[in-house]
Amino acid sequence: MLNIVLFGPPGAGKGTQSQKLIEKYQLIHLSTGDLLRSEIAQGTQLGLQAKKLMDEGLLVPDEVVIGMIESKIADNRTAAGFIFDGFPRTVPQAEALDQLLQKYDQGISCMIALQVDEEELTKRLLLRGQTSGRPDDADETLIRKRVQEYNTKTTPVADYYAQQGKFYAVDGIGEIEEIFSKSCEIIEACQVA
């Protein structure tokens with residue numbers, strides 16, 4: 001089974017790249033952002049809690065996110081694999097994901113990190129905010145806070161996967177197809193290993 005962690009700050013292009021990887025490798029997309037937005041749209045208690053935190057530029061608690069992910073994995077046990085988009089964001093989440101996958105005799109195949117500098121991220125998110133309707137993409141102060149929180153909390157996750165020999169960096173600036181091609185080369189190498 002192919003399990004990929006797609007890593008990168010808000011606006012790095014994870015959504016675009018994950019769609020292409022899903023189509024090519026027939027993976028199930030596990031985007032914590034999509035799962036949370038679905039809960040918000042349904043007006044669930046979880047969704048209301050998540051909206052409050054997201055509107056402040058903060059992350060949703062680990063146990064909530066991990067519970068949603070376990071439910072998706074349990075519902076899709078015959079899948080070719082999963083692409084984790086926007087998760088894990090902390091070392092405890094990465095450890096919890098490893099433990100969760102072990103319950104299903106699986107593991108992470110590789111982590112692909114899309115790397116984009118803060119100024120480019122801010123520009124991309126402000127543009128996205130003009131069409132997405134998401135308030136967290138329309139406010140430059142919130143955007144910078146999200147990127148700062150991402151950098152503070154998630155850099156150790158890259159180190160966690162690097163220690164396992166599963167971390168691969170890809171330049172997230174450039175043509176979409178070029179970034180996709182580099183990601184596929186990494187995945188092919190991980191499948192052979």
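**Close-up views of side-chain contacts and backbone turns**

**View 1. Asp55 and its partner Lys51.** Asp55 is partly exposed, at a relative accessible area of 36%. The model shown here, and in every other view, is a predicted one. Asp55 makes a salt bridge to Lys51, and the closest N and O atoms are 2.7 Å apart. The two residues are four apart in helix H3 (residues 45-55), so about one helical turn separates Asp55 from Lys51. Lys51 is partly exposed too, with a relative accessible area of 35%.

**View 2. Lys20, with Glu177 and the ring of Phe180.** A salt bridge joins the side chains of Lys20 and Glu177, at 2.6 Å from N to O. What else does the charged end of Lys20 sit over? It sits over the ring of Phe180, 4.9 Å from the ring centre. On accessibility, Lys20 counts as partly exposed at 22%, and Glu177 is partly exposed with a relative accessible area of 48%.

View 3. Searching the whole structure turns up 17 salt bridges. One of the contacts to look for here is between the side chains of Asp137 and Arg134, with 3.8 Å from N to O. Are Asp137 and Arg134 buried or exposed? Both are buried. They also belong to a network of salt bridges that links Arg128, Arg134, Asp136, Asp137 and Arg146.

**View 4. Phe7 against Tyr150.** The aromatic pairs in this model come to three. Phe7 and Tyr150 form a tilted one, with 5.7 Å between the ring centres and 50 degrees between the planes. Phe7 sits in strand E1 (residues 2-7) and Tyr150 in helix H7 (residues 140-163), so this pair ties together parts of the chain that are 143 residues apart in sequence. Phe7 counts as buried because its relative accessibility is 7%, and the cut-off is under 20%. Tyr150 is buried as well, with a relative accessible area of 12%.

**View 5. Phe82 and Phe84.** This is another tilted aromatic pair: the ring centres of Phe82 and Phe84 are 6.2 Å apart, and their planes are at 35 degrees. How accessible is Phe82? Its relative accessibility is 0%, so Phe82 counts as buried. Phe84 is likewise buried, at 0% relative accessibility.

**View 6. Gln26, a non-glycine with positive phi.** Most residues other than glycine have a negative phi. Gln26 is not a glycine, yet its phi is positive, at about 55 degrees. Where does Gln26 lie? You'll find Gln26 in the loop between H1 and strand E2 (28-31). Its relative accessibility is 56%, so Gln26 counts as exposed.

**View 7. Asp105, with a positive phi as well.** The phi of Asp105 is about 55 degrees, positive although this residue is not a glycine. For context, Asp105 is in the loop between helix H5 (91-103) and strand E4 (110-115). Asp105 is exposed because its relative accessible area is 75%, and the cut-off for exposed is over 50%.

Notes. Residues are numbered from 1 along each chain as its sequence is written. This is a predicted model: local features need pLDDT of at least 70, side-chain atom pairs count only at pLDDT 80 or more; totals for chains, interfaces and linings use all residues. Side-chain values use heavy atoms; hydrogens and water are left out. Rings of Phe, Tyr and Trp (its six-membered ring) pair if their centres lie within 6.5 Å; planes under 30 degrees apart count as stacked, over 60 as edge-to-face and the rest as tilted. Buried means under 20% relative accessible area, exposed over 50%, partly exposed in between (1.4 Å probe, protein chains only). A charge sits over a ring if NZ of Lys or CZ of Arg is within 6 Å of the ring centre and within 35 degrees of the ring normal. A salt bridge is a side-chain nitrogen of Lys or Arg within 4 Å of a carboxyl oxygen of Asp or Glu.
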